[in-house]
Amino acid sequence: NEYGQAQAGFAQAGYGAEQSYTDYTEVERAAYNPTQEDVIEYAQFLGIQDEEQENLIWIAHEGIAAPLPEDWKPCQDEDGEIFYFNFRTGESSWDHPSDG
């Protein structure tokens, strides 16, 4: 069932058994607007490191806001951190699922 899959997925994401299915907020994709900090962190992940490459920040913004594969949804933990959860398989990831 979806609840059991979610529990397993949260365990993969580093959540303990004491946390429940309701310890996150599903983020509406249409309303999701990554923060500047999120974009910069993702830019660094992509290798955009210094001021000379500042003109490439738009790539990071587009990447972090890219459409998700089917069955994946962005979620937010209690600390406001975004992670991705597949409600069909129970898989979770801190990285965008398309980053593969």
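**Briefing on the predicted model**

Of the contacts in the protein with a separation of 6 or more, 51% are accounted for by residues 24 or more positions apart. The structure is a predicted model. The protein contains 3 helices and 4 strands, and the order of these elements along the sequence is α-β-α-α-β-β-β.

**Burial and surface**
- The protein has 100 residues, and 33% of them are buried.
- The accessible surface of the protein amounts to about 6,500 Å².
- Carbon and sulfur atoms contribute 46% of that accessible surface.

**Residue I64 in helix α3**
- Helix α3 spans residues 57-64 and includes I64.
- I64 counts as buried because its relative accessibility is 8%, and the term applies under 20% relative accessible area.
- I64 and D99 are 35 residues apart along the chain, and a distance of 9.6 Å separates their C-alpha atoms.

- D79 belongs to a negative surface patch, together with E37, E41, E78 and E81.

**Contrast between the two residues**

Key
Residues are numbered from 1 along each chain as its sequence is written. This is a predicted model: local features need pLDDT of at least 70, side-chain atom pairs count only at pLDDT 80 or more; totals for chains, interfaces and linings use all residues. Side-chain values use heavy atoms; hydrogens and water are left out. Patches are made of residues with over 30% relative accessible area and no salt bridge: like charges are joined within 9 Å, nonpolar side chains (Val, Leu, Ile, Met, Phe, Trp, Tyr) within 5 Å. Accessible areas come from the Shrake-Rupley method with a 1.4 Å probe; for residues, only the protein chains shown count as cover. A salt bridge is a side-chain nitrogen of Lys or Arg within 4 Å of a carboxyl oxygen of Asp or Glu. Lys and Arg count as positive and Asp and Glu as negative; His and the chain ends are not counted. The place of a charge is taken as NZ of Lys, CZ of Arg, CG of Asp or CD of Glu. Helices (H or I, at least four residues) and strands (E, at least two) are DSSP runs, numbered from the N terminus. Buried means under 20% relative accessible area, exposed over 50%, partly exposed in between (1.4 Å probe, protein chains only). Contact means heavy atoms within 4.5 Å.
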